[in-house]
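Here's a quick briefing to read alongside the model. Have the viewer open and follow along.

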Amino acid sequence: MTLKSIKHFCLGPPRDPFDKATRRNISLAALMAWIGLGADGLSSACYGPEEAFLALADHGELAIYLAIASAVTVFVISAAYMQVMELFPNGGGGYRVASNLLGPNFGLVSGGALVIDYVLTIAISVASGTDALFSLLPVQYSGYKLWLQVMVVFLLIFMNLRGMKESIRLLVPIFIGFMVTHAVVIIYGIVYHHEGISELIPKAVQDSKELSDSMGWFFVIALFLRAFSLGGGTYTGLEAVSNKVDALQEPKVRTGKLTMIFVASSLAFMAAGIMLLYLLWDAEKIAGQTLNASVFHKIVNRWHIGDFALGPVMLPLLMFFEAGLLLVAANTGFLAGPSTLANMARDRWMPDFFSSLSSRLVVKNGIILMGLSAITAILVTGGDVSVLVVLYSINVFITFSLSLAGLCRHWLRQKGADRRWFKLFVAAQGFVLCSFILIVTVFEKFATGGWMTMLVTSGVICMSAYIRRRYKRVEKVIDRIEEAQEVTLDGRSRRAKLLDYKKPTAALIVNDHFGSGIYTLKEVQKLFPDVFTNFVLIGVGEVDSTNFSEEQLWQTMRRNARQNSRRFEAYCTEQGVPATSYLGYGTDTLEKLSELAYSVAEDFPGVVFFGVKMVFDNEGFITQLLFNQTAYILQRRLNAAGHTMVILPMRVAT
């Protein structure tokens, strides 16, 4: 069995990126998007309400205010992100909003925070999921949690390399199981204590008054706002749908809005409902258990069918589905995180290879990076959810705040726009809430983990700024080199010389620029005068995450490639040199180049291949990372197949 057949068995066969049926097959309807993208938001009900409730310490009676505030905040943020989907129907979410509405530097900050956000989405979801499972086991088994978390992340990497829809389908039963079981427990828990519902608000008001009499109203308000802010993990994940609108079924915006309604409604119900259960059932934190496990244990222990106790069955089932949903949420990091990296790569903040698609049409390099980074975060923090949630919340609310600030600026400038003031009001509400949560979280948790996420996020931002500056400098030099190769075709009709397939042939492997083909041709003619009778242009148009998601872009890419090949052939005709072109398109440039080169070798037995490699004055690790080694890899492949390839240096002085 060959390596390729093993790869196809594990990840599935390649997909045709130009087949419209392929696009329909991998796009998500609202229900599937709710599961694949919305689970991140919904799963935060497994740890966000707990953090908020515990922050109240001995004043749990204020939790009724938190339940109401949490539900309202969910809908406010969701309404604002519906506007994001309207303005940016091709996805990009917080990164694209900040870049377009505030400027590229704000976009960089938002994008850097989003990248860390999605790494931590994976880390905290997996860590919280294993906490849920280990709540069923004695404390002495907790030492195995860390290794289980690492294994789960590796499993999710494998699933996502197979493709987006495949990874979601496997998790559908878990998502549905979570919704059904938790809804039943919440409804039962509230109905069982229905007589106490009407007393919650009056009791909270009375307790608040007594607390204010002894400590002052400032203390009461400060305590509530601190708990509200530290429970900010409840709202994380709401931006995932807007980040991945391009993966939704047409009409994308309508599907996105419907998905957001599903997400907001289910999260508001779960978060507020669980907070009410804490109050009504006097939830207590027990060592080795989550607060959800503690309160669910109290509820299901009352369930019986005759003499048969349902508690020992229902509690493991509840925690299994809770852990399962958190894995679905972790999967969101593998869907939206690589998409953010791809968007940043298109704008040159990240290396180009983060926009490359695999044969299964997934952003493979982004998936691998997100997974390995999440494992690093788990190992560094020991998988401690209380630490991860702080790191997570800070990055989420940096992006939220910048996105909503961008929306406010946009609507202030759109004079005469339909419902302008209402949209501005919604965006401004969201901006005030998110900014407040961000400031309080950083202030309260700076010494206990906040500094770490700010340091890492700042590092990503600085690295991205360096990468963009490096790309821009090199691009200017390459543009000058290619401009020097520009030729003017006189337009006079000449009969093209016929190719002699048995004569020596030079095959020029070039990129998508006309100038690179002419540069390589001139170098070959200069170094090997009167040696080659035929010239063949080999070019591959890469289908990446950008042009795959927008049909007009890949149509333009194919058209430009054909025009460049015709110009090259016309130039050779004017020089009296027979020429032809071999063009291809695909997600794996190297694989497609290899296929075309083997075809050329079959047609032209005396072929010698030529490629160009940029040579820099100071070529360090970063330069090698940014500018790939395609020419060297292809040379090794062709040499192994018995063909000759010469690499010509193109000096780039930066």
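Among contacts in the protein chain between residues at least 6 apart in sequence, what percentage join residues at least 24 apart? It's 81%, where contact means heavy atoms within 4.5 Å. Bear in mind that this is a predicted model, in which local features need pLDDT of at least 70, side-chain atom pairs count only at pLDDT 80 or more, and totals for chains, interfaces and linings use all residues. Residues are numbered from 1 along each chain as its sequence is written, and side-chain values use heavy atoms, with hydrogens and water left out.

**The chain overall**

- The protein chain has 26 helices and seven strands; these are DSSP runs numbered from the N terminus, with helices being H or I of at least four residues and strands E of at least two.
- Of its 654 residues, 57% count as buried. Buried means under 20% relative accessible area, exposed means over 50%, and partly exposed is in between, using a 1.4 Å probe and protein chains only.
- The accessible surface of the protein chain comes to about 28,100 Å², and 62% of that belongs to carbon and sulfur atoms. Areas come from the Shrake-Rupley method with a 1.4 Å probe, and for residues only the protein chains shown count as cover.

**Confidence**

- Mean pLDDT for the protein chain is 79, with 82% of its residues reaching 70 or more; pLDDT is the predictor's confidence in each residue, from 0 to 100.
- Residues 15-27 have pLDDT below 50, and this stretch has 34 contacts in the model beyond near neighbours in sequence.
- Residues 357-362 stay under 50 as well, and here the model has 33 contacts beyond four places in sequence.
- Where pLDDT is low, the predicted coordinates should not be read in detail.

**Helix 6 and its partners**

- Helix 6 (residues 63-87) packs with helix 15 (residues 252-280) at an angle of about 170°, their axes 9 Å apart. Axes are lines fitted to C-alpha atoms, for helices over the stretch in contact, and angles run from 0 to 180 degrees between N-to-C directions.
- Helix 6 and helix 15 are therefore roughly antiparallel to each other. For the cut-offs, angles under 35 degrees count as roughly parallel, over 145 as roughly antiparallel, 65 to 115 as roughly perpendicular and the rest as oblique.
- The residues of that contact divide into 20 nonpolar, four polar and two charged. Ala, Val, Leu, Ile, Met, Phe, Trp, Tyr, Cys and Pro count as nonpolar, Asp, Glu, Lys and Arg as charged, and the others, Gly among them, as polar.
- Helix 6 also meets helix 12 (residues 194-215): the axes come within 9 Å and cross at roughly 120°, so helix 6 is oblique to helix 12.
- On the helix 6 side, this contact is made by Ile64, Tyr65 and Ile68, and on the helix 12 side by Leu200, Ile201, Ala204, Val205 and Ser208. That gives seven nonpolar residues, one polar and no charged.

- Aspartate 282 sits in the loop between helix 15 and helix 16 (291-300). Its phi is positive, about 50°, although aspartate 282 is not a glycine, and the residue is exposed at 53% relative accessible area.
- Alanine 283 lies in the loop between helix 15 and helix 16, but counts as buried at 12% relative accessibility.
- Leaving aside neighbours within four places in sequence, alanine 283 is in contact with Phe53, Tyr278, Leu291, Val295 and Lys298.
- Alanine 283 and glutamate 50 are 233 residues apart in sequence, yet 10.0 Å apart in space, C-alpha to C-alpha.

- Aspartate 530, in the loop between helix 21 (514-527) and strand 4 (534-542), has a positive phi of about 60° without being a glycine. Aspartate 530 is exposed, with a relative accessible area of 84%.
- Histidine 410 belongs to helix 19 (residues 385-413) and is buried at 15% relative accessibility. Not counting residues up to four places away in sequence, histidine 410 touches Leu87 and Leu101.
- Leucine 148, in helix 9 (residues 145-162), is partly exposed at 29%. Beyond its neighbours within four places in sequence, leucine 148 is in contact with Thr130 and Phe134.
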